[in-house]
Amino acid sequence: MSTSNRQTSMRTHMCAEIGDGLIGTTVSVCGWVAKRREHGDKLAFVDLRDHTGIVQCVIDNGVDVRSEYVVRVTGVVRPRPEGTVNGNIATGTVEIGECVVEVLRSAEPPPFPVDQRADEVDENVRLQYRYLDIRRERMQRNIRTRAKVNSAVRSAMERQGFVEVETPMLVPSTPEGAREFLVPSRKEPGSFYALPQSPQLFKQLLMVAGIDRYYQIARCLRDEDLRADRQYEFMQLDAEMSFVNQDDVLAAISEAVLSAAEAVTGERPSPIERITWRDAMDRFGVDKPDLRFGMELHELTSIFSATEFKAFAGATSIKGIKASGRAEEFGRNKLDQLTDKAKKMGAKGLVWLKKTAEGYESPVAKFLTEAEQSALTSTFGAETGDLILIVADEWMTTCEVLGQLRNDLGRPPVHQGPYRYVWVVEFPLFVGVDKESGRPKPGHHPFCRPHPDDMDKFETDPMSVRALAYDLVLNGWELGSGSIRIHEPEMQRKVFTALGISEEEANRKFGFFLKPFTYGAPPHGGFAFGLDRLVAILAGEENIREVIAFPKTQSGQDPMTNAPTRAEAKQLDELGIRTLPPKT
């Protein structure tokens with residue numbers, strides 16, 4: 001008898017369970033024919049595959065089974081003959097002999113090999129036949145890794161007293177965020193629902209409703225350009241908590257994230273470290289820093305405070321990075337390319353210096369004093385063969401340009417270990433100014449709570465006000481973001497005023513959300529992180545499409561179903577919709 005919890009009336013064991021302990025036992029296994037090899041006129045070797053692995057079956061050569069046939073094999077487990085052991089598979093010491101084969105379903109020849117060779121097949125073909133692609137070991141592992149993550153996240157949230165609540169999929173439009181998918185209303189022609197970009201408003205209303213601790217593995221939709229870490233549809237862990245501060249939220253989400261990682265890797269990661277947004281920009285040049293490698297930005301402004309080098313004189317910020325031992329790798333052509341990239345990103349230029357035994361090799365070295373060059377060497381710990389890159393500009397420009405160059409020159413693949421989680425906290429409440437209105441723009445969304453220590457700057461210096469907002473980053477990928485929310489109508493009006501949102505406009509757009517807050521809203525905060533991104537990294541994938549069962553291509557197409565498709569005229573008439581011809 002099998003000890004498997006997946007025994008059915010048709011099978012006693014999964015393929016990978018067939019091992020030395022079952023020698024002499026009659027077993028039944030079911031699956032797909034992965035490979036058939038002839039052995040003379042009488043025998044054939046069939047590799048039978050299910051999602052757990054492969055087992056070799058010795059069958060009568062007259063039995064007609066071919067690649068991807070669905071079969072049931074009943075036989076006796078026996079040791080493989082001497083010299084035929086296969087150390088590459090878990091069942092490689094045994095085989096199933098004396099086989100009776102039942103063909104459950106024949107199959108057409110597949111359009112590509114259902115094994116690792118399919119990795120070389122055009123992605124559109126793989127997605128067109130996704131149901132075959134998922135049969136492969138890699139995709140089976142990814143989909144099942146995703147299930148482990150979901151299960152671990154749910155368990156972690158429920159251990160902490162969170163309640164799972166489903167929020168609506170048809171919601172009002174809130175066009176301040178990313179582009180939405182609109183759904184026309186048949187009952188009210190000319191009116192539209194939107195598909196949710198997130199459950200943000202509803203989860204805050206659940207706090208007003210006294211749910212206290214809400215969570216949901218939520219499907220969200222955004223009509224944005226697709227890339228490696230973005231799909232139209234994505235899944236996120238969404239959570240909200242009442243009567244909490246920032247530390248409480250970060251602790252709860254950390255428990256879910258670390259539990260998910262432990263479920264996949266078998267090891268619990270270290271507690272997640274924190275860094276402020278300002279420090280992240282100063283040290284790494286980005287607000288989603290990758291901590292797996294060094295090459296941090298160094299502040300050089302004080303070194304050149306009295307410089308006579310015109311490119312540095314008067315600059316409000318001068319920063320640099322060091323690429324250790326890479327001076328020889330970068331000839332003039334490559335350095336010119338780096339300079340061009342820096343300029344395209346907004347920098348006035350890029351200064352490079354190569355450390356030599358005698359000093360520095362660079363077109364600008366002659367403009368720098370010995371004291372300045374000595375200070376550079378000391379600051380960077382520069383040694384012969386190192387390459388130093390310097391940008392002098394506004395603070396944000398120097399950070400962003402060098403942050404991009406740092407990632408370009410040093411960042412390993414996102415899934416390559418170790419896993420380095422980091423909380424980035426104290427984001428700016430406002431980022432930039434709207435060119436038309438001259439008003440500040442919200443850094444996250446208009447419901448983030450301002451940092452209590454910065455309230456005195458709200459009217460005099462709003463761009464310096466920090467928010468109680470935070471992001472979770474893993475290996476340079478932003479997993480998600482959250483904040484402590486505004487729960488007082490008075491403070492919410494203050495933020496709306498700063499953003500140029502009138503009371504009439506606020507009531508029109510957010511009235512259904514704001515009115516409940518007048519009935520007693522508790523202090524609350526929350527977070528959401530992308531499960532697709534977390535699973536991709538834990539599964540060792542560079543693209544979230546590889547951990548989604550049925551994704552869209554980068555152009556937003558589904559080669560399997562041909563979506564999106566045109567609606568029939570009758571459907572459009574019922575909805576009161578007319579379509580325009582494509583733009584030429």
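Helices (H or I, at least four residues) and strands (E, at least two) are DSSP runs, numbered from the N terminus. With that in mind, select Glu98, whose place is in strand E5 (residues 94-105). This is a predicted model, in which local features need pLDDT of at least 70, side-chain atom pairs count only at pLDDT 80 or more, and totals for chains, interfaces and linings use all residues. Residues are numbered from 1 along each chain as its sequence is written, and side-chain values use heavy atoms, with hydrogens and water left out.

Most residues other than glycine have a negative phi, and most peptide bonds are trans. Glu98, although not a glycine, has a positive phi of about 50°. Buried means under 20% relative accessible area, exposed over 50%, and partly exposed in between (1.4 Å probe, protein chains only). Glu98, with a relative accessible area of 64%, is exposed.

Now select strand E14 (residues 351-355), where five of the five residues are buried. Two strands pair if DSSP finds at least two bridges between them. Four bridges join E14 to strand E16 (residues 387-393), and these two run antiparallel; Lys354 stands opposite Leu387 there. On strand E15 (residues 360-361), also antiparallel to E14, the bridge partner of Lys354 is Glu361.

Finish at Pro418, in the loop between helix H9 (395-410) and strand E17 (421-425), where a cis peptide bond joins Gly417 and Pro418.
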